[in-house]
Amino acid sequence: MAGVGSAVRRLYLSVYNWVVFFGWAQVLYYAIMALVESGHEAVYAAVERPLQFAQTAAVMEILHGLVGLVRSPVSATLPQIGSRLFLTWGILWSFPETHSHILVTSLVISWSITEIIRYSFFGMKEAFGFAPSWLLWLRYSTFMVLYPTGISSEVGLIYIALPYMKASEKYCLRMPNKWNFSFDYFYASVLSLAVYLPGSPHMFTYMLTQRKKALAKAKAA
């Protein structure tokens, strides 16, 4: 029974990784086509639906960690996926004024290249039990460029959206109300920007450590 359970787990994770891989490949294709044909102002409209699908599907990775399907620590997965969902739904979908900014293009391209490499790497490992050495290198090296460009784009887009948050008061809850509770989306977003300051270097250092371990292990094998 243990062997059957392991096979089902590998089949499920293989299908999951390849489905999301194709979602991100679609995002990158549509982004490049829109950029070439119409300019950066048209990128968001071209990628909106596949971007929302591919990024929201990452919620499953938190569940995978919680139930033990994967070894990735939830403490590392949760903040990364949470920030991505905040950008996808809480910024881009919620504030259309951000759609035409060039940072949307740098965000989408950084995210999609990163995820195409990551999901194909794990898809190969689950489907075939290994990943090519060149894909392993890409998995643990491209973040050195794509993480800074992605994070810079995230921070920039949150900052750009702040005036529209304040003016619209979207997602705000004012007193008095039956819950006797208030919430200001603008200040919550400012707080999220403050979290990026210590959080981004921490994540980058964590990924450098993971890179060193993964490449050393591959070299020893």
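In which helix do Trp18 and Phe21 both lie, and how many residues apart? Both lie in helix α1, three residues apart, or about one turn of the helix. Helices here are DSSP runs of H or I with at least four residues, strands are runs of E with at least two, and both are numbered from the N terminus. The model is a predicted one, so to speak of local features takes a pLDDT of at least 70 and side-chain atom pairs count only at pLDDT 80 or more, while totals for chains, interfaces and linings use all residues. Residues are numbered from 1 along each chain as its sequence is written, and side-chain values use heavy atoms, with hydrogens and water left out.

Back to the rings. The structure holds 16 aromatic pairs, a pair being two rings of Phe, Tyr or Trp (its six-membered ring) with centres within 6.5 Å; planes under 30 degrees apart count as stacked, over 60 as edge-to-face and the rest as tilted. Trp18 and Phe21 are edge-to-face because their planes meet at 80°, with the centres 5.2 Å apart. Phe21 is buried at 16% relative accessible area, whereas Trp18, at 23%, counts as partly exposed; the cut-offs are under 20% for buried and over 50% for exposed, with partly exposed in between (1.4 Å probe, protein chains only). Tyr29 and Tyr30 make a tilted pair, 5.7 Å centre to centre with 55° between the planes. Tyr29 is partly exposed at 48%, and so is Tyr30 at 32%. Elsewhere, ring pairs tie Phe86, Phe95, Tyr171, Phe183 and Tyr185 into a cluster.

Leaving aside neighbours within four places in sequence, Leu51 is in contact (heavy atoms within 4.5 Å) with Trp24, Val27, Tyr44, Leu92, Val108 and Trp111.

As for annotation, an unreviewed UniProt entry lists residues 12-32, 101-121, 142-165 and 185-209 as "transmembrane region". Residues 101-121 are 95% helix and 0% strand, with end C-alpha atoms 31 Å apart. For residues 142-165 the figures are 96% helix, 0% strand and 34 Å.

Key. UniProt positions are given in the numbering used here, feature names are shortened, and annotations may be inferred rather than shown by experiment.
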